[in-house]
Amino acid sequence: MNFVAIDFETAQKRRASPIQIGVVRVIDAVIGTAQSSFVMPPQGFRDFDPELIAIHGITPPDIQGAPEWPEILRRLDRFTTAPDGSRLPLVAHNASFERSVIRQTSAEYGLDDLGLSYLCTVKAARLLDPGSPNHKLATLAERYGIAQVSHHDAGDDARVGALLALHLLGLPGGADGMRRAELR
């Protein structure tokens, strides 16, 4: 399976406040190098929620000089385009969050959200491993022996999400479970 795993960290609980993006491309089940970038959120979304700072550790000085969303979206457009010109789906843990970050932030700038397709590892894990104590990323990573270096770093969470997706694809019914985990 070919896809791009993605993760965001936000400044606020409002989805149009991305401050970090992490992506990793997976081609023929080979995971590339995770990449991450800080992001300058749109005007009106730049106040940081102290609760979220406590989770991800990203502060306003960290994003000074970071690219704004139009540049991040251009990069995402290039990164999700396969060599044959097709569009790679995005895979995320709780993909509805990543989808809404992309859609809402793009809307703030009057930009198209690229019409990306999404697969959700939370939904797939619930279908394929209903006996897990919960379906949080850290829990599943530990359960399946996936090393997590820095939880809530978007680059590392994207890498862990890619490994989780490949693990789930290897479970009985994995390809079907991932297809059913699709968001439209």
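Author: Strand 1 and strand 2 run antiparallel and are joined by eight bridges. Strands here are DSSP runs of E with at least two residues, helices are DSSP runs of H or I with at least four residues, and both are numbered from the N terminus. Two strands count as paired if DSSP finds at least two bridges between them. This is a predicted model, in which local features need pLDDT of at least 70 and side-chain atom pairs count only at pLDDT 80 or more, while totals for chains, interfaces and linings use all residues. Residues are numbered from 1 along each chain as its sequence is written, and side-chain values use heavy atoms, with hydrogens and water left out.

Strand 2 pairs with strand 4 over four bridges, in the antiparallel sense.

Strand 2 has a further pairing with strand 3 (residues 30–31), antiparallel and made of two bridges. Here Ile-27 has Val-30 in strand 3 as its bridge partner. The hairpin of strand 2 and strand 3 has two residues between the strands, and in this hairpin Asp-28 takes a positive phi near 50°.

How enclosed is strand 2 by the rest of the structure? Eight of its 10 residues are buried, so strand 2 is largely enclosed. Buried means a relative accessible area under 20%, exposed means over 50%, and partly exposed lies in between, using a 1.4 Å probe and protein chains only.

Strand 2 (18–27) is also part of what covers the buried residues of helix 3, and so are strand 1 (3–10), strand 4 (35–38), strand 5 (90–92) and helix 4 (95–108), among others. Contact means heavy atoms within 4.5 Å. Helix 3 spans residues 69–79, and its buried residues are Trp-69, Ile-72, Leu-73, Leu-76 and Phe-79. These residues lie on the same side of helix 3 because they cover an arc of only 120° around the axis. The arc is that of the directions from the helix axis to the C-beta atoms.

Helix 5 (residues 121–128) can be read in the same way. Its buried residues are Thr-121, Val-122, Ala-124, Ala-125 and Leu-128. Their arc around the axis is only 165°, which puts them on the same side of helix 5. Lys-123 also has its place in helix 5. Lys-123 is partly exposed, with a relative accessible area of 35%.
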